[in-house]
Amino acid sequence: MNIINSTPRADGFYMPAEWEPHGGCVMIFPERSDSWQYGGYAARAAFVRVASAIAESEKVTVCASEKQYENARRMLPPHIRVVEMSSNDAWARDYAPTFVTDGREIRGINWGFNAWGGLADGLYFPWDKDDKMARKLCDLYDVDMYDFGSFILEGGSIHVDGDGTCITTEACLLSAGRNPNLSKTEIENYLRECLNVIKVIWLKNGIYNDETNEHVDNICAFVKPAEVVLAWTDDENDPQYEMSRSCLEILERETDARGRRFTVHKLNCPAPVTITAEECGGLDTMDFAPTRTPGERLAASYVNFYISNNAIVMPFFGDPADEPARALLAELFPERKVIPIPARDILIGGGNIHCITQQIPLRGKI
Ligand code: KQY
């Protein structure tokens, strides 16, 4: 693996949209007992369902610790590759490489990772194994790498349309624990250079109580250029209402990199999902303190889906809003089948299906 001392923009590489053809997908097997209840048994079963759904149309690699390797190999079907690789947790979206392409070759980007806010408001310490994963994965896939390790960014905090536009949230990218010495303009310049985009749309916020400082991938996602789904609620008494409303107002007055107005599809959230005392009882403490408290609201959103080569792999929450969400995504992606996965056990960890997956663009032209 070579480290490339320029930028994707300078070299004519860009981050493709998620619906463009994939060569594969990376995931990480969940294990830590302060993130995943009851030792992670149910979370691992849910991850296996997600990996199997994605593996119907692209090569999935699951990274597992030495301790979990045999278990992962046994639980995952044989056509899914399992590699032993250490990590601190299981959020491939956030610390696997962001891949870029020039249409012939793919390269990886290594961002700096500090567990969503470092010593300011990060979610665990240490995070050094997570931070090394992008480099290890570039080596594994034999792709050259851009090293922006001094710039803190997680993959879940950006979405691109592959046509010059990136969306993100101020709540996350301007948070005190990420890049406090950089101005908004300087952060935007990183995104332009690294993702090779022309325009960055800044939403103010994301999903209520989202512990990532409100990643964009839980609130808003492109479904095609100039067309997005936005997590929504009609309940004006829900704090999510003002947050989603603010995003809608920004999207309605903005245009994308090509000057197009956005079509916004409201994707209604499930009724507030809270963690039970029984679930909290299955979580180990972190530094002598509980990681969650009974009744705490979890950041449940249907926007956190993954676009595979032939499917939309989406979370279900056992809520009446599941089916309308499935129907909307089926309408928006008529070429793909929608595969719902019961996702409460992933949500308890603090994210969802998009957060635990990272797509790898196809090498070369199709
Ligand atoms: O991308 C994400 N949503 C990751 C959340 C991390 C939560 C750690 N408990």
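**Cores and salt bridges: a quick tour**

Okay, let's start with L76: setting aside its neighbours within four places in sequence, L76 is in contact with F29, V48, A51, V62 and V82. Contact here means heavy atoms within 4.5 Å.

Before I go on, a word on what we're looking at. This is a predicted model, where local features need pLDDT of at least 70 and side-chain atom pairs count only at pLDDT 80 or more, while totals for chains, interfaces and linings use all residues. Residues are numbered from 1 along each chain as its sequence is written, and side-chain values use heavy atoms, with hydrogens and water left out.

So which residues touch the most other members of the largest nonpolar core? They are M27, V50, V60, L76, Y124 and V313, out of 55 residues in that core. By nonpolar core I mean a set of buried Ala, Val, Leu, Ile, Met, Phe, Trp, Tyr and Cys residues joined through side-chain atoms within 4.5 Å. Buried is under 20% relative accessible area, exposed is over 50%, and partly exposed is in between, using a 1.4 Å probe and protein chains only.

Among the elements giving two or more residues to this core are β2 (22-28), β3 (59-64), α6 (128-141) and β17 (311-316). The top contributor is α2, with 8 residues. Those labels are DSSP runs numbered from the N terminus: helices are H or I, at least four residues, and strands are E, at least two. There's also a second, separate core of 49 residues, which includes W19, A221, I312 and A325.

Now, the charged side. How many salt bridges are there? The count comes to 21, taking a side-chain nitrogen of Lys or Arg within 4 Å of a carboxyl oxygen of Asp or Glu.

Take R107 and D11, whose closest N and O atoms are 3.1 Å apart. This pair joins distant parts of the chain, with R107 in strand β6 (residues 106-112) and D11 in helix α1 (residues 8-11), 96 residues apart. R107 is buried at 12% relative accessible area, and D11 is partly exposed at 30%.

E188 and R192 also pair up, at 2.6 Å, N to O. Both are in helix α8 (residues 184-195), and they are separated by about one helical turn because they sit 4 residues apart. E188 is buried, at 15%, whereas R192 is partly exposed, at 25%.

Then D102 bridges to R104 at 3.2 Å, N to O. Here D102 is buried at 19%, but R104 is exposed at 61%.

Last one: D163, D256, R258 and R260 are linked in a salt-bridge network.
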